[in-house]
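Biologist: Please show the model and its sequence. I will then ask about single residues before turning to the chain as a whole.

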Amino acid sequence: MMRIIGLAGWSGAGKTTLLARVIPNLIARGTSVSTLKHAHHRFDIDTPGKDSHTHREAGARQVLVASENRWALMTELRGAAEPSLATLLGHLEPVDLVVIEGFKREPHPKIEIHRAGNAKPWMHPETPGIRAVASDTPPPYDLPHTTLDDIDGIADLCLRFAEPPA
């Protein structure tokens with residue numbers, strides 16, 4: 001059964017760098033992992049001049065690119081509403097664990113990633129779903145926590161607090 005866990009933190013807290021270290025740890029434990037990342041800004045994964053970019057710019061709503069090594073499906077919303085987290089999760093193939101970066105206002109379980117040098121406030125309790133903390137300083141509240149360099153501990157928290165999608 002697929003389960004989900006989020007990493008929530010302000011920009012600059014190191015979520016992506018941390019995730020790049022946690023994923024191999026989880027895989028070494030026999031856990032299949034996918035990720036889902038929310039971007040708050042306009043982004044593009046396509047390259048101008050490539051056929052797929054030309055198709056998309058011409059007005060195609062979806063462009064699927066496939067090779068012997070990978071495939072990717074790009075969908076242009078063309079003014080439609082941003083899809084919900086549940087909808088996006090429904091597009092993923094089944095795995096043991098999906099780690100969600102972003103979507104901090106959604107109620108799924110999360111680990112707060114906090115870096116004191118970032119000079120940002122703690123997210124808990126205002127952010128829903130925070131169950132644990134990984135930080136370079138002790139949190140001001142009583143939740144399970146570990147340090148940012150304890151990759152085994154963070155992987156343990158991911159597996160401990162992950163839940164099936166609602």
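Modeller: I will start with histidine 114. This is a predicted model, in which local features need pLDDT of at least 70, side-chain atom pairs count only at pLDDT 80 or more, and totals for chains, interfaces and linings use all residues. Residues are numbered from 1 along each chain as its sequence is written, and side-chain values use heavy atoms, with hydrogens and water left out.

Biologist: Which residues does histidine 114 touch, not counting residues up to four places away in sequence?

Modeller: Contact means heavy atoms within 4.5 Å. Histidine 114 is found in strand β6; helices (H or I, at least four residues) and strands (E, at least two) are DSSP runs, numbered from the N terminus. Leaving out residues up to four places away in sequence, histidine 114 touches Lys120, Pro121, Trp122, Ala134, Ser135, Asp136, Thr137 and Leu148.

Biologist: Does histidine 114 count as buried or exposed?

Modeller: Buried means under 20% relative accessible area, exposed over 50% and partly exposed in between, with a 1.4 Å probe and protein chains only. The relative accessibility of histidine 114 is 6%, so histidine 114 counts as buried.

Biologist: Trp122 is on that list. Which rings form the one aromatic pair of the structure, and of what kind is the pair?

Modeller: Rings of Phe, Tyr and Trp (its six-membered ring) pair if their centres lie within 6.5 Å; planes under 30 degrees apart count as stacked, over 60 as edge-to-face and the rest as tilted. Tyrosine 141 counts as buried, at 17% relative accessibility. The rings of tryptophan 122 and tyrosine 141 have centres 5.7 Å apart and planes at 80 degrees, so the pair is edge-to-face.

Biologist: How many residues apart in sequence are the parts that this pair ties together?

Modeller: Tryptophan 122 lies in the loop between β6 and β7, and tyrosine 141 in the loop between β7 and β8. The pair therefore ties together parts whose separation in sequence, in residues, is 19.

Biologist: Which residue does a cis peptide bond join to histidine 124?

Modeller: The residue has its place in the loop between β6 and β7. Omega of the cis bond is about 5 degrees, and the partner of histidine 124 is proline 125.

Biologist: Phenylalanine 103 has a positive phi although it is not a glycine. What is its relative accessibility?

Modeller: Phenylalanine 103 sits in the loop between β5 and β6, with phi of about 55 degrees. Phenylalanine 103 counts as buried because its relative accessibility is 11%.

Biologist: Arginine 78 also has a positive phi. What is its relative accessible area?

Modeller: Phi of arginine 78 is near 50 degrees, and the residue lies in the loop between β4 (71-75) and α3 (85-90). Arginine 78 is partly exposed, since its relative accessible area is 45%.

Biologist: Which residues have the most contacts inside the largest nonpolar core?

Modeller: A nonpolar core is a set of buried Ala, Val, Leu, Ile, Met, Phe, Trp, Tyr and Cys residues joined through side-chain atoms within 4.5 Å. The largest has 22 residues, and those with the most contacts inside it are Ile5, Val22, Ile111 and Ile113.

Biologist: Which element gives the most to this core?

Modeller: The elements giving two or more residues to this core are β1 (3-8), α1 (15-28), β5 (97-101), β6 (110-114), β7 (130-135) and α4 (151-161). With six residues, the element that gives the most is α4.

Biologist: What covers the buried residues of α4?

Modeller: The buried residues of this helix are Ile151, Gly153, Ile154, Ala155, Leu157, Cys158 and Phe161. Their cover includes β1, α1, β5, β6, β7 and β8 (145-147).

Biologist: How far are the C-alpha atoms of glutamate 68 and leucine 85 separated?

Modeller: Glutamate 68 has its place in the loop between β3 (62-66) and β4, and is exposed, with a relative accessible area of 80%. Leucine 85 is 17 residues apart from glutamate 68 along the chain, and their C-alpha atoms are separated by 29 Å.

Biologist: Finally, the whole chain. What pattern does the chain follow along the sequence?

Modeller: Of the 166 residues of the chain, 39% count as buried, and the C-alpha atoms fill a box of roughly 55 × 35 × 30 Å along the principal axes. The chain has four helices and eight strands. Read along the sequence, the pattern is β-α-β-α-β-β-α-β-β-β-β-α.
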